[in-house]
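Hello,

Here is the structure I promised to pass on. Please open it first, then read the notes below it.

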Amino acid sequence: MTSFPELGSPSSVPWTTTAAVWRALLALAVVFVMLATTGWTAVRGHAATGDARSRSLQSWLHGSIGGRPLPSPGSGPDVLARFFGSLTGAERDRLAERYPLVVGNLNGAPVSLRYRANRVALDRAREVEKHRMGESGLTPVGRREAGRRMHRFESLMGDGRQILAFDPGGAGRVAEVIGDLDRAERVSVVVPGVDTNVLTFEKTQRAYTAPVGMARSLHAAERKASAGTRTAVIAWDDYTTPAGVGMDAATGKLAAEGALRLRALVRALPGTSPVSLFCHSYGSVVCGVAVRDISPRVTDVAVAGSPGMRAEHVSELGTGARIWAMRNADDWIQDVPHLEVGGLGHGADPVSPGFGARLLSARGADGHGGYFEPGTTSLANFAAIGVGSSAEVVCAKGAEACADGLV
């Protein structure tokens, strides 16, 4: 078997179908034992704000503006765009103030209006957490969590921040735009993996392992790669990610739900500019499911540190988008069984020669979370793809033909 040391492939692997399957099944069995005996799971929930968006949606469904009923939140982006286009500026602002958790998450609402609505929603969520901190019956742990959430909401309200989606329910969902989305000539979407929520959306330490840091780093690298290209990058954590490396991470349920949301996001993006998806860890499972029925605007899908894309070969993804994959040599994800048995596992290893992806160098990336670190070849490769200069990527060692046929 051909090996790619840079991709973290083992130098020698028992090569029979039977041996490979039994090895993978044994590894899965170990995971199940760990789950059963250690309780290796996490409870995700937040009673104080968990149903805030549901209440807002119910109110919206019975609301009106100027004597007109409000459209269904599930309407297509074209329908919603026409509705908001028919309103006066004052009417749009009134809806954003009255229903911020609805308007801020409506695919089809003007981007600038969503930013304003989410600022209102964040301010109200901050007040909820501030009030919780003063409750006499709150445990020290609960008070600490309320304080963390309050400070996170304050941070997301910072000057110049463009919050495209926000839901404080459960562990929280959020998406942020870096750049001018309305005028962008190229749009990149960063799709993160496990344990990403409103509290881990950005980090002070190891900033480039969190969605905000990834997106900012990618945007800066894209500007460096092509200063004349107007780009926008979306840090997209607007789906429920698995909590820890447990059962949710081993199955595709959350990926399927996330894929629906990712398709809706892309379908509602303003303009007609090409879109590239950059999918890390479990985010690559989401992308693998999403691309099977995604807008043709998506021209490239790049996965890093992937446990699989719910496919055995790129042809099963059913997309015309180019599929890129990378993994550095010390990424622990290489030890995860790459197969799918009874709904468990995510299919073939995207950096295996037989999968058919274009294999990129990840030189300079460190561990599972280092792919967006400034100065790495992995980030430079992402940037080249993001600005439409795919022919300039650096291929993985042993896969020098990864850019063949590209101009």
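**What was found**

Two strands, β8 (298-304) and β9 (322-326), each supply at least two residues to the lining of the largest cavity. Helices (H or I, at least four residues) and strands (E, at least two) are DSSP runs, numbered from the N terminus.

Some background on the source. This is a predicted model, in which local features need pLDDT of at least 70, side-chain atom pairs count only at pLDDT 80 or more, and totals for chains, interfaces and linings use all residues. Residues are numbered from 1 along each chain as its sequence is written, and side-chain values use heavy atoms, with hydrogens and water left out.

**The cavity**

The structure holds one cavity of 30 Å³ or more. The largest cavity has a volume of about 40 Å³. A cavity is a set of points, on a 1 Å grid over the protein atoms alone, where a 1.4 Å probe fits but cannot get out; lining residues have an atom within 4 Å of a point. Grid points are joined across faces, edges and corners, and the volume is the space filled by probe spheres set on the points.

The lining of the largest cavity includes Val 303, Ala 304, Met 326, Arg 327 and Asp 349. Its residues divide into six nonpolar, two polar and two charged. Ala, Val, Leu, Ile, Met, Phe, Trp, Tyr, Cys and Pro count as nonpolar, Asp, Glu, Lys and Arg as charged, and the others, Gly among them, as polar.

**Helix α7**

Helix α7 (residues 140-156) has 17 residues and should span 24 Å at 1.5 Å a residue. Its end C-alpha atoms are 24 Å apart, which agrees. The expected span is 1.5 Å times one less than the number of residues.

Among the buried residues of α7 are Ala 146, Met 150, Phe 153 and Leu 156. Buried means under 20% relative accessible area, exposed over 50%, partly exposed in between (1.4 Å probe, protein chains only). The buried residues of α7 pack against α6 (111-133), β3 (162-167) and β4 (173-179).

**Thr 229 and Arg 230**

Arg 230 lies in the loop between α8 (211-225) and β6 (231-237). Thr 229 is placed in the loop between α8 and β6. Thr 229 is buried, at 18% relative accessible area. Arg 230 is partly exposed, at 36%.

Not counting residues up to four places away in sequence, Arg 230 touches Arg 183, Ala 184, Glu 185 and Arg 186 (contact means heavy atoms within 4.5 Å).

Regards

Note on methods:
On a 1 Å grid over the protein atoms alone, a cavity is a set of points where a 1.4 Å probe fits but cannot get out, and a pocket is an open set with protein on both sides within 12 Å along at least five of seven lines; lining residues have an atom within 4 Å of a point.
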